[in-house]
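Please look at the sequence and the model before reading on.

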Amino acid sequence: MTVIFVENLNKKFGPNHVLKGVDCHIREREVVCVIGPSGSGKSTFLRCMNGLESITSGSIVINKHRLDDSKTNINLVRQEAGMVFQHFNLFPHLKVIDNVMLAPLKVAKANKDEARAKAEMLLAKVGLAEKMEAFPGSLSGGQMQRVAIARALAMDPKIMLFDEPTSALDPEIVGEVLTVMKDLANEGMTMVVVTHEMGFAREVADRVLFMDQGLIVEEGSPDEIFSSPRNARTQGFLSKVL
Amino acid sequence: MALYFGDLLPFSSLLLEGLWTALYITLVAMVAGSALGVFLYLGKVGPGKAVSIFCTCYIEAIRNTPLLVQLYLIYFALPALGINLEPIWAAVIGLTLNNAAYTAEIYRAGFESVPHGLREAGKALGMKNAQIVRYIVLLPATRNVFPALTNQLILLFLASSIGSIISLPELTNAIMSVSNTTYRTIEVLAVGGLLYLGVSALLSLASKRAETTLFRWAVGARV
């Protein structure tokens, strides 16, 4: 079943035409990695999917919610599509457990004990059970990003959007975050991952999209994209990063 | 010329009363001014265009004119309109109105310096704007505002000396009258200066202490 429909998506920042007609359908349980040079519009594409960026023209449908319809409650869409940011964006004044519990308590109006039990379960799942009572400022980058993943999962999203989740991390701790993401993919989460981790894309993705200058230039299985890219721009990009 | 502090002893209660008056008007102006500053800040960044322009003009007018001139206006110009104020009320009102403009700017800077990513994280979790402000932005903003506010308190305390020119018997006024009576100008200025210094240092120390206990979470945090 297709859960994300993006059709002829255009996004302009003033005179800057960032997305020039992106089309993309993503099925339930599919893991899609978006790669491409910086400035190609990957992050903007992702941020359009939960309304962090408004759409200039075209349409996006997420779980039957039309994002280009002003009557759509964007907060409902965001509860169903969790997001993980490059710079983690943990709430510095809240303990790790409270970071994870905040949205369930305030948005989903969950019962406190249930929210706590769930937060504990999620933190254990990302390997941070012993850091529950710590403040984010005392964590390493990799730990912060794993908390951010647990925080997004606490709302039971049906889709997870990852915006360069490992780009701000030291190379030696990228792996711990990718492991958590791999587990999530294996559990059947629908994931859209903007990434520069070609190894991860190759191993975990069902489909890889290569974006350049505001368009999806080429897409296919990791094998097709990485082993036999057809487009010259894909070939040029991969020869630089691989 | 030999220094002699003994002549000041009979005037110690006058100096201490002056210090108390200075502290009193400082605290009243700090509480009232920083509360008024909240409304000025909200008015400035709020949706009402006319209110926003008014608040901006007020803040800029206060911040770009001398406090002394503002106090003269209140004490010497208002009587022409039939409003006569006791020196202490003129000083309290003057310092409050002045302080409100500065604290409004402190709040603005404090809220603007909260990383934008925190708001986005709140949005991405489906939170409403009011929830984002209350649960996500407010505390980090308070943390950003705190050192500037305590600094403003000290500046206000020092600025209270300006009350002396409208014959308010605060510390500087007491210093001058003791000086005129005893001719021990250097001695009384030294003592008075040390009183200002001592209180300011205490306030500064207390605010540092308060900062570390109130915002323990901020250690190592990027705010």
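A:Gln86 lies in the loop between β6 and α3 of chain A; helices (H or I, at least four residues) and strands (E, at least two) are DSSP runs, numbered from the N terminus. The model is predicted, so that local features need pLDDT of at least 70 and side-chain atom pairs count only at pLDDT 80 or more, while totals for chains, interfaces and linings use all residues. Residues are numbered from 1 along each chain as its sequence is written, chains are lettered from A and ligands numbered from 1 in the order in which they are written, and side-chain values use heavy atoms, with hydrogens and water left out.

A:Gln86 counts as partly exposed because its relative accessibility is 25%; buried means under 20% relative accessible area, exposed over 50%, and partly exposed in between (1.4 Å probe, protein chains only). Leaving aside neighbours within four places in sequence, A:Gln86 is in contact with A:Gln145, A:Asp163, A:Glu164, A:Ser167 and A:Ala168, where contact means heavy atoms within 4.5 Å. A:Gln86 and A:Lys106 are 20 residues apart in sequence, and their C-alpha atoms are 24 Å apart in space.

A:Ser43 belongs to helix α1 (residues 42-48) of chain A. Since its relative accessibility is 22%, A:Ser43 is partly exposed. Not counting residues up to four places away in sequence, A:Ser43 touches A:Asp163, A:Glu164 and A:Val194. A:Leu184 is 141 residues from A:Ser43 along the chain, with 21 Å between the C-alpha atoms.

In chain B, B:Glu105 is part of helix α4 (residues 87-112). B:Glu105 counts as buried because its relative accessibility is 10%. Beyond the residues up to four places away in sequence, B:Glu105 touches B:Lys44, B:Ile59 and B:Arg63.

The table lists side-chain polar contacts. A polar contact is a pair of N or O atoms within 3.5 Å; within protein, one must be able to donate a hydrogen and the other to accept it, and residues adjacent in sequence count only if both atoms are side-chain atoms.

| Residue | Partner | Distance |
|---|---|---|
| A:Ser43 | A:Asp163 | 2.7 Å |
| B:Glu105 | B:Lys44 | 3.2 Å |

**Chain B as a whole**

Chain B has eight helices and zero strands. Its C-alpha atoms fill a box of roughly 70 × 45 × 25 Å, taken along the principal axes. Of the 223 residues in chain B, 44% are buried. Among contacts in chain B with a separation of 6 or more, 77% join residues 24 or more positions apart.

**Where the chains meet**

The size of an interface is often given as the accessible area lost when the parts come together. Chain A and chain B bury about 2000 Å² between them, 66% of it on carbon and sulfur atoms; this buried area is the accessible area (1.4 Å probe) that two parts lose on being put together, summed over both. Chain A gives 25 residues to the contact and chain B gives 22 residues.

One salt bridge is counted between chain A and chain B, a salt bridge being a side-chain nitrogen of Lys or Arg within 4 Å of a carboxyl oxygen of Asp or Glu. A:Arg47 forms a salt bridge with B:Glu120, and the closest N and O atoms are 2.5 Å apart. On the side of chain A that touches chain B, α2 (74-80), β6 (81-84), α3 (96-106) and α5 (141-153) each supply at least two residues.
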